[in-house]
Amino acid sequence: MNDLSEVLRVRHPILLGAFGGLSSVRLTAAVSDAGGLGAFGLYGYDGARIRSTAAALRAATDAPFALNIWLPTGDEVEPGPQHTVFAQALEPFYAAVGVDLPARPERYTPPLEEQLEAIWDAAPAALSVVYGVPSAETVDEAHRRGIRVIGTATTVAEARALDEGGVDVVVASGAEAAGHRVSFLRAAEDSLVGTFALVPQVVDAVSVPVVAAGGIADRRGVAAARALGAAGVQVGTAFLATRESAATQAHRAAIRRTAADESVLTRAMSGRLARGARNRAVRAIEASGTIAPFPMQNWLTGRFRTPAGEQNLGELQSLWMGQAAPLATRDTAAEVFADLIAGWSSVER
């Protein structure tokens with residue numbers, strides 16, 4: 001099947017980007033209820049939290065939704081003696097939000113197996129993965145349970161690997177996209193292919209529906225993606241700027257004032273390359289030259305990013321956004337969705 005709506009059992013081929021740490025039940029449900037595929041990012045969620053989140057989603061919508069996880073790449077570090085050294089380098093940020101230097105935890109992220117067990121119990125319409133090809137066992141189990149599998153590629157080679165791995169849908173994520181560059185065959189810095197170049201090449205290379213992502217924020221981007229052969233689009237920043245998202249007021253304001261050439265790719269906040277605004281925290285951490293490897297850096301900055309969000313201190317948050325941020329002008333998910341559908345309908349295939 002190459003009709004995305006049929007594959008994912010949705011009315012419209014519009015997917016919500018899964019925001020690790022910024023997902024909200026309200027936004028996920030809004031996109032699903034509108035006929036698209038809402039998504040919820042589960043980065044850092046343990047089994048209990050996944051189950052409670054899925055229950056909240058079920059209570060909010062009867063429509064299909066996707067749950068998203070990060071696959072381990074093998075280079076993740078475990079808590080060790082260096083934890084305190086890297087934590088001390090971030091001490092000014094902890095002081096700025098009024099929290100103590102964080103002690104070393106037992107682990108930075110929950111095991112993949114624990115997350116998958118909870119996802120099988122949750123039974124979403126789709127399992128979305130980034131940073132790799134899911135194992136054959138994972139794909140088989142998902143399919144046995146009637147769950148579609150969505151993989152994410154930043155290069156044609158990654159798209160082919162996902163297709164060969166049995167995924168049902170490939171998201172072709174261009175370098176314009178917000179958040180983490182989820183490359184897995186080569187370094188993210190060596191996998192920066194733009195959406196317009198990436199999408200048609202992936203369409204030609206794989207046998208499954210291709211979803212375009214990166215730089216798509218309104219009807220014009222959707223129309224362009226469809227003209228390039230995409231079977232659907234995945235939109236992040238435009239939805240992140242809406243009132244239904246979990247982004248803070250400071251984050252939404254930053255999306256609307258950050259020019260396309262002012263978003264940057266940085267490892268400062270997580271230890272992995274990601275696109276967002278270069279705020280005070282990013283500038284200071286980059287200037288220090290002291291960035292812990294992933295996921296240590298992500299965990300450490302999270303100890304000040306969370307209270308910074310609660311205090312609406314945008315200069316100390318991860319202000320993820322794509323290069324189409326200036327086009328994210330609509331206030332509600334319904335307004336964004338209606339515009340995207342208009343763009344899809346404007347192009348004949």
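This is a predicted model: local features need pLDDT of at least 70, side-chain atom pairs count only at pLDDT 80 or more; totals for chains, interfaces and linings use all residues.
Some ground rules before the details. Local features need pLDDT of at least 70 and side-chain atom pairs count only at pLDDT 80 or more, while totals for chains, interfaces and linings use all residues. Residues are numbered from 1 along each chain as its sequence is written, and side-chain values use heavy atoms, with hydrogens and water left out.

I begin with the salt bridges. A salt bridge here is a side-chain nitrogen of Lys or Arg within 4 Å of a carboxyl oxygen of Asp or Glu. The count comes to 13 salt bridges.

Take Arg272 and Asp75, whose side chains meet at 3.3 Å, N to O. Arg272 sits in the loop between β10 (263-266) and β11 (274-277), and Asp75 in the loop between β3 (65-70) and α4 (82-89), so this pair ties together parts that are 197 residues apart in sequence. Helices (H or I, at least four residues) and strands (E, at least two) are DSSP runs, numbered from the N terminus. Is Arg272 buried or exposed? Arg272 is buried, at a relative accessible area of 8%, whereas Asp75 is exposed at 53%. Buried means under 20% relative accessible area, exposed over 50%, and partly exposed in between, with a 1.4 Å probe and protein chains only. Salt bridges that share partners join Asp75, Glu76 and Arg272 into one network.

Next, Asp331 and Arg256 form a salt bridge at 3.4 Å, N to O. Asp331 is in the loop between α14 (296-310) and α15, Arg256 is in helix α12 (residues 249-257), and the two are 75 residues apart. Asp331 is partly exposed at 40%, and Arg256 is partly exposed at 36%.

Then there is Asp339 with Arg219, at 2.6 Å, N to O. Asp339 belongs to helix α15 (residues 333-345) and Arg219 to helix α10 (residues 219-227), so the bridge ties together parts 120 residues apart in sequence. Asp339 is buried at 5%; Arg219 is partly exposed at 43%.

How do α10 and α15 cross? Their axes, lines fitted to C-alpha atoms over the stretch in contact, come within 7 Å and cross at roughly 35 degrees; angles run from 0 to 180 degrees between N-to-C directions. In contact, meaning heavy atoms within 4.5 Å, Arg219, Val222, Ala223 and Arg226 of α10 meet residues of α15 including Asp339, Leu340 and Trp344.
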